[in-house]
Amino acid sequence: MRRAGTLPGSACSLAEAQKTCSRESNACIFPGMKIDTLLYARWILPIEPQGVLLENHAIAIDNGRIEAILPAEEAAQRYSADTIRHLDQHILLPGLINLHGHAAMTLMRGLADDLPLMEWLQQHIWPAEQQWIGKEFVHDGSLLACAEMLRGGTTCFNDMYFFPEETVRAVEQAGMRACVGLIMIDFPTPWAQNPDEYLSKGIALHDQLRGNSLITTAFAPHAPYTVSDETLQRIRTYAEELDIPIHMHVHETAHEVAESQDRDGKRPLQRLDELGLLNPHLLAVHMTQVNPDEIPRLAEAGVHVVHCPESNLKLASGFCPVHQLQQAGINLCLGTDGAASNNDLDMFSEMHSAALLAKAVAGDASALPAEAVLRMATLNGARALGLEQEIGSLEVGKSADLIAVDLGALETQPIYHPVSQLVYAAGREQVTDVWVAGRQLLNQRELTTLDPNAVLERAAEWQQRLAPLD
Ligand SMILES: CSC[C@H]1O[C@@H](n2cnc3c(O)ncnc32)[C@H](O)[C@@H]1O
Ligand SMILES: [Zn+2]
């Protein structure tokens, strides 16, 4: 790991200033340039360039974007700001990106535990969804999810759930960033009755969100076992036309693969390949059942794999071979899945679990080191969502989506390697501050956009409705 002063911006010559600053004029060379926010931090982990950790640097933020990253002394000379923070025992890093979840399912947290996937879905979750989901449910559950994610350092999430316009409403209230799923499942639900209705509602939402700087869309066919060939082909065509991702549960369990072999005489991945879905639009979630001969095909096709270690462990779904996938050059991302199968939306514990599990599965203690898992939880996720130019790393010109983590707590002392502390020792409660597009959404652990008491009240009401306590 290289340290200190390796990013542009460490010297204040005009040439450097022009490289460092996003503004076109040479205004940066005048001391005291006015910006919105100046964050001094003990450490900054930009993620890109890889291997860089800056010490005693500052991030200048203006108009929602990263204006400069530079040594603290230079920042003090160069900028004045409306908001200045001294984060003396903190590390600043990009906001975490949760690449798979069902936000509204926070309201089903703990409703049905200790069951395998299909029993959990068919006997508990789907019947509860048929009875309870609606606009209010999805809005309230999504708001609870946004509050939980923000307090845990997640600034962006990729979602798949019914009534996605209500998830959008919650995300807008929270001020977060999200990619909402245009869902598809081959049975009628309170959201839509048939594939045509699912598709037309999804495309209408996509049209409505055009130009939204924080919320994007992806097609979200539920899984190979719940969506027909015909519908998958339509989705492939639309995804290419609109240039948006396809977010899907794939090869989650051995049962899914065996059933597909019985029904179609082929594994789901082969079926998806024949339908033309193995391409860089596809975000294949779970992937616990992967044959060695499928890996080169996934790599060649540019498929992104979303690893959800805790949900896979809890549902006993299996183990995703992350080390092998990574060695093949596949873009690996990280997701929590919904709170009904995890049972939290904690990307810190997800990183911890991913790093440990990868070593056990590969039988190799060097598999998935801390820096690699942080990249999965940030830049790789941004890449899968087509947002690599905007978020995922702290780079000049990118959106100021970042978090501060206090490493001063006794749980993360002493500090030999801050990056190791983040993955192997820190907890989400050490996230103190969160910004999305330069706007502060968590300030010293206080949510700035959401009222936690109101969110809690609604969650308690839903719990009464779903399963009244005696
Ligand atoms: C079409 S909306 C999403 C749909 O997916 C269900 N779901 C939640 N978690 C999982 C999982 O791990 N595998 C498969 N399906 C899952 C959720 O309850 C909704 O019905
Ligand atoms: Zn899921």
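Author: A residue is near a molecule if its C-beta atom, placed from the backbone, lies within 6 Å of it. This is a predicted model, in which local features need pLDDT of at least 70 and side-chain atom pairs count only at pLDDT 80 or more, while totals for chains, interfaces and linings use all residues. Residues are numbered from 1 along each chain as its sequence is written, and chains are lettered from A and ligands numbered from 1 in the order in which they are written.

Reader: Which residues come nearest to ligand 1?

Author: There are 18 residues around ligand 1, and helix α3 (residues 117-132) gives the most to this shell, with four residues; helices here are DSSP runs of H or I with at least four residues, strands are runs of E with at least two, and both are numbered from the N terminus. Those that come nearest to ligand 1 are Ile125, Ile183, Ile185, His222 and His249.

Reader: Is His222 buried, exposed or partly exposed?

Author: His222 sits in the loop between β9 (215-221) and α7 (229-242). A residue is buried if 20 or more other C-beta atoms, placed from the backbone, lie within 10 Å of its own, exposed if 12 or fewer, and partly exposed in between. Because His222 has 18 other C-beta atoms within 10 Å, His222 is partly exposed.

Reader: Which residues does UniProt list together with His100 for "binding site"?

Author: The listing comes from an unreviewed UniProt entry, and such positions are given in the numbering used here, with feature names shortened and annotations that may be inferred rather than shown by experiment.

Reader: How far apart are they in space, at the largest C-alpha distance?

Author: These residues are spread over 238 residues of sequence, and yet they cluster in space. Their largest C-alpha distance is 11.8 Å.

Reader: Why does Asp337 count as buried?

Author: Asp337 is found in the loop between β13 (332-334) and α13 (347-362). Asp337 counts as buried because the number of its C-beta neighbours inside 10 Å is 29.

Reader: Which residues does His100 touch, not counting those up to four places away in sequence?

Author: His100 lies in strand β6 (residues 96-101), and two residues are in contact if their C-beta atoms lie within 7 Å. With residues up to four places away in sequence left out, His100 touches Asn158, Val285, Val306, Cys308, Gly335 and Asp337.
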